Amino acid sequence: MTMRKKTLSTKAISTLIALAMILTLFAGMTGVAHANENVNRVYGADRYETSAEMATEMYDEADTVIIARGEDAGDFADGLAASVLAGALDAPILLTRTATLPSAIESVIEDLGATEAIILGQEVAVSATVETELMALGLDVDRIGGEIREETAAMIAQEASEVADLANFAFIVNGYAPADSLAAGPAAFENVAPILQVSQNSIPECTENAIEELGIEELYVVGGTAVVGSAVYNELAGMADVNRLAGADRYETSIEVAKEFYPGATDYSIVGGFNYADAIGAAVYPNPILFVRQDNIPSSVEAYLNDVLTTASKLTIFGGPVAVSQSVADALQALIDAIDVPFEITDVSAITANNQWLKVDFNKAVSTVNAADITITNLEDETIRVVETVNLATDGTSAQIKVLKGDDTE
């Protein structure tokens with residue numbers, strides 16, 4: 001994918017003008033921005049371009065594309081249920097306006113070489129005009145839409161079951177609470193697991209039928225009792241084994257989903273906690289979603305990241321600085337930069353003499369290395385000490401160390 005850039009003039013006559021030019025530059029760019037070593041951003045001028053950029057980042061080509069409503073009206077109900085079908089078909093999820101197909105979506109469909117489009121929702125969500133525009137691109141167009149959003153979600157899961165083997169578990173979400181629901185997207189995509197919908201206080205018949213007909217044995221309720229009440233939870237327990245993944249807010253709930261389905265993860269998708277549209281397309285990425293605020297990292301998310309990040313972690317922000325600010329991107333990089341780097345030698349057989357110089361490689365660039373920073377394991381009753389470090393590589397990723405055996409001193 002080609003990233004479109006503009007070059008900022010170095011002849012800015014004042015700091016104020018330079019700052020304005022930088023902000024204009026960032027707002028006008030689309031694609032993938034690598035502002036930091038470990039943190040990158042996938043974004044477009046709006047949510048539709050962002051979904052297109054996501055698709056081209058993950059897919060060189062795609063036979064089928066999934067089309068979901070991208071406007072706030074409707075609570076993204078159809079899009080949040082799309083992950084299971086996207087996983088079954090290995091297809092990107094693209095957003096559209098209700099009344100017309102955005103030009104960015106037309107372009108990415110052509111770039112991907114798609115031959116089929118599946119529209120989610122009835123015409124109140126995605127109009128007949130959009131369907132006609134898709135057909136004009138030469139696509140075979142199908143539509144999955146029920147009378148209510150819960151029925152559409154059940155129909156999406158049923159369609160997925162006809163083209164792939166479903167997981168034996170499903171996610172249960174409130175179709176009017178997109179934040180909690182969208183955190184489940186990547187796990188639903190990866191496992192081809194249905195995302196079925198309820199309201200806070202009742203279970204629609206179509207959802208009950210889907211649980212039975214799809215052979216679902218385990219249910220994960222995403223969100224607290226404010227979105228899926230205790231009565232619904234207890235009723236679900238009569239249909240399958242039930243677990244609730246919930247925190248005190250949407251940020252903590254995203255953590256709980258990540259812990260359950262990605263226990264060893266070191267790479268994460270970062271999405272603005274109120275920027276639901278960007279989370280829909282992020283489902284096709286192989287990393288769990290963590291929500292952040294536009295201008296800061298919630299303390300719960302920061303604490304979690306401090307436990308799981310490594311110096312090699314990659315964090316992908318979805319959406320531009322209006323969704324997740326550059327200060328948040330810098331703060332995420334700072335969390336990684338603050339990680340202590342252990343330098344460890346495990347091949348003690350390579351140490352054959354006193355005052356021997358060995359090369360040690362580091363897992364990130366550093367500016368200084370002290371002998372105390374380096375440890376040696378698997379000693380097998382030998383005493384080995386690092387007494388000196390020199391010759392730090394120009395890129396900061398390796399050094400020479402002097403090693404002593406036994407109790408000898410220099």
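Which residue lies over the face of F274, and at what distance from the ring centre? That would be R250, at 4.0 Å from the ring centre. By "over" I mean that NZ of Lys or CZ of Arg is within 6 Å of the ring centre and within 35 degrees of the ring normal. There's another case like it: R149 lies over the face of Y176, 3.8 Å from the ring centre.

Okay, quick housekeeping. This is a predicted model, where local features need pLDDT of at least 70 and side-chain atom pairs count only at pLDDT 80 or more, while totals for chains, interfaces and linings use all residues. Residues are numbered from 1 along each chain as its sequence is written, and side-chain values use heavy atoms, with hydrogens and water left out.

Now, the strands. Let's start at β9, residues 218-222. Helices (H or I, at least four residues) and strands (E, at least two) are DSSP runs, numbered from the N terminus. Four of the five residues in β9 are buried, and buried means under 20% relative accessible area, against over 50% for exposed and partly exposed in between, with a 1.4 Å probe and protein chains only.

β9 has strand partners, and two strands pair if DSSP finds at least two bridges between them. With β7, residues 169-174, β9 pairs in the parallel sense over four bridges, and F169 stands opposite E218. With β10, residues 241-245, β9 also runs parallel, joined by five bridges. There, E218 has D241 as its bridge partner. To get from β9 to β10, the chain goes through helix α11, residues 230-237, in a right-handed β-α-β crossover. Right-handed here means that, with the strands pointing away from you, the path from the first strand over the helix to the second runs clockwise.

On to the rings. Phe, Tyr and Trp rings (for Trp, the six-membered one) pair if their centres lie within 6.5 Å; planes under 30 degrees apart are stacked, over 60 edge-to-face, and the rest tilted. We get nine aromatic pairs that way. One of them is F76 with Y276, edge-to-face at 6.0 Å centre to centre and 65° between the planes. That pair links distant parts of the chain, 200 residues apart: F76 is in the loop between β3 and α3, and Y276 is in helix α13. F76 is buried at 5% relative accessible area, and Y276 counts as buried too, at 18%.

Back to F169. Its ring centre is 5.8 Å from that of F171 and their planes are at 90°, so this pair is edge-to-face. Both residues are buried. Ring pairs link F169 and F171 with Y220 and F261 into a cluster.
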